[in-house]
Amino acid sequence: METMTEALSLTLPDGSVRTVPAGTTPLEVAAAIGPRLAKDAVGAELDGGKVDLRQPLTRGGAFRIFTVKSPEAGELIRHSAEHVLADAVKRLWPEAEIDAGRKDHSEKFQYDFRFPRAFTPEDLARIEETMREILAEGSEFERLEVSREEAERTFRDMGETLKVERLKEIPAGETITLYRDGRFTDLCRGPHVRSLSQIGAVKLLEASGVYWKGDEANERLQRIYGTAFASRQEMDEYLERLEQARARDHRRLGQELDLFSFNPLAPAMPFLHPKGAAIYIGLIDYVRELYARYGYGEVITPQILDVELWKTSGHYDNYVENMFFTEADERQMSVKPMNCPSHCLIFGTRLRSYRDLPIRYADFGRLHRYERSGVTAGMFRVRSFSQDDAHIFCTEEQIESEVLAVVKLILEVYSQRIFGFKSFRVELSTRPEKRIGSDEMWDHAEEALKVALSKSLPKYVLNTGDGAFYGPKIDFHVEDALGRFWQLGTIQLDYQMPQRFGLKYVGADGSEHQPVMIHRAMLGSIERFMAILIEQTAGAFPLWLAPVQATVLPVSEKFVAYGETVRARLAAAGVRTELDARNEKLGYRIREAQLQKVPYMLVVGAREEQDGTVSVRRRAGEDLGAMALDAFLARVRDLAAARSREL
Ligand SMILES: [Zn+2]
Ligand SMILES: [Zn+2]
């Protein structure tokens, strides 16, 4: 029987077009271009999406083959390493059951197993060794399209009952594929590298217990994390970065510096200790100072509100699984996960005129969001937190100038001078497919954001279709000392909430109009920002945020009284000062203060007492010599007031 095969046009990176029959695999395309490329190929890309080298092409488009030298290779290398990890565990413990791996955008990969006990470091070493043996075998990946029944039979016969469950998650009608490398077969969508020989280096990092599918009601599985690279050198560089990150881990530093703790009695809700609270308050003081200059009015709103409010705002329909509930007077109430609805209520308390707008409400209110236990991580993601949150109510015409003002505010906060962030990047996300509001409204809103950005940050990245369903948004991502990017600030236009709350103002034309609402934050969650800042500074906070700004160290017991005079004098002037008069050697106390990252150590002895001076040392160890107490006080005051990062 003769079948008509459709021809596909593939546009290669050099602009040339190659025509191939439908069903040709990327690997075959690579081979036709050159045997060298076929050998080096790690993956393929069609119209920006990754395609497995063995997946028959069904459509044409912009096409490219990439090799281990491309940045995209890492993702395929690490995903392929998941298969190698699962294979290795099965070779060592045939009774272990495999669940699934997970790809993310980090340099780590992971795989979950049903295993009767926790994996030990010795286990990980053995598994890693077996993985290297498997890599040395250099098998190529093979792609098999199978029916659902066949896949189920295959895994049932193998005793992989978790896989049979995973199979059920694949929607009906979707192609089911198995990938085989050597003697190992897994249920997978791909894509994978061509050959295991392309995985140049692997390392297992850690193991931990996890609930199946992240649900506490399910059984506990054992997860193994690892990393893989094309070369040993790339892996060593990554491990070095990881080591630096570990040294800066905010959970470790949070404990060592006595900043915060967690307690199982309030899961994923941080307790800020006095020193942690000092940083929190310092950040809020800073933002309050900006609010005074940028025309925000701070409001304080209830913690617990009737669910009717959340029905009006739409949170009850879209966010209910993240909300905490309680009851009062036989009414169902919810603990607020966001401030926006309360601000709508305040706006609605009187008739507003266009002359009143814009109105800017800022709120540091504590928010509670139920995050599943699997996704909480130190202070990066918690259930109880507050934000430097604000909502601007304005007219359509004011959107551009308001956004411009917020951008200016954010640029001030992100300037390297304040927190030392290396750089930041800006993304504009436009109308998604699922949205509310007219095209005209979207045109206007997107245009306003584009104009504001072109006037302030013309090098933004455009994320077409990534906006919220109620409006377009601008996101800010800052780069920390380790080169990691964190999304912090956001500016979101919202036409929906003012409508849901029936908000109105009387325009210049004398008729009623609906205001536009702008949600915005600079630091985002203060708790999360603190975690980022702890890792950014390795705990050595700028002077204005340091929980203890100076420690007074009498050289011996004889000078404790003078030390106390110095401490009291500084404390009275608003400098957060401690006296360390413990009966320990001076060198030991200096080291302790350095470990606590206290900006200044003030050593006092006979000479200092006689001259009314202090001998000043910076936390990094430099000796600034003797300074009159007043001169030191002036120095600290000036640097802190300027929010300088200098000491
Ligand atoms: Zn796979
Ligand atoms: Zn909001």
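Donors are N, O and S atoms within 2.8 Å of the metal. On that basis, the donors of the zinc ion (ligand 1) follow the spacing H-x3-H-x104-C-x3-H along the chain. The model is predicted.

**Zinc ion (ligand 1)**

- Four residues coordinate this ion: His79 through NE2, His83 through NE2, Cys188 through SG and His192 through NE2. The distances run from 2.0 to 2.1 Å.
- The angles subtended by the four donor atoms span 91 to 128°, so the arrangement is tetrahedral. The cut-off behind that label is that all angles lie between 85 and 135 degrees.
- For reference, the ideal angle for four tetrahedral donors is 109.5 degrees.
- His83 sits in helix α3 (residues 73-92), while His192 is in the loop between β10 (184-187) and β11 (201-211), so the pair ties together parts that are 109 residues apart in sequence.
- His83 and His192 are both buried.

**Zinc ion (ligand 2)**

- The donors here are Cys340 (SG), His391 (NE2) and His519 (ND1). They lie at 2.0 to 2.4 Å.
- Water is not among the atoms, so sites may look incomplete.
- Cys340 belongs to helix α12 (residues 340-347) and His519 to strand β29 (residues 516-525), so this pair ties together parts that are 179 residues apart in sequence.
- Cys340 counts as buried because its relative accessibility is 5%. His519 is buried too, with a relative accessible area of 10%.

**Helix α12**

- Helix α12 is mostly covered. Of its eight residues, six are buried.
- The buried set is Cys340, Pro341, Ser342, His343, Cys344 and Phe347.

**Strands around β23**

- Strand β23 (residues 423-429) pairs with strand β25 (residues 473-479) in the antiparallel sense. Seven bridges make up this pairing.
- Strand β23 also runs parallel to strand β24 (residues 461-463), joined by three bridges.
- Glu427 has a bridge partner in each of these neighbours: Asp475 in β25 and Val461 in β24.
- Helix α15 (residues 439-456) makes a right-handed β-α-β unit with β23 and β24.

Conventions: Residues numbered from 1 in each chain as written. Chains lettered and ligands numbered in written order. Predicted model: local features only at pLDDT ≥ 70, side-chain atom pairs only at ≥ 80, totals over all residues. Heavy atoms only, no water. Donors = N, O, S within 2.8 Å, 3.2 Å for Na, K, Ca; no water. Helix = DSSP H or I, 4+ residues; strand = E, 2+ residues; numbered from the N terminus. Buried < 20%, exposed > 50% of the residue type's maximum accessible area, 1.4 Å probe, protein only. Pairing = 2+ DSSP bridges. Right-handed = clockwise from strand over helix to strand, strands pointing away. Tetrahedral: all angles 85-135°; square planar, octahedral: opposite > 155°, others 65-115°.
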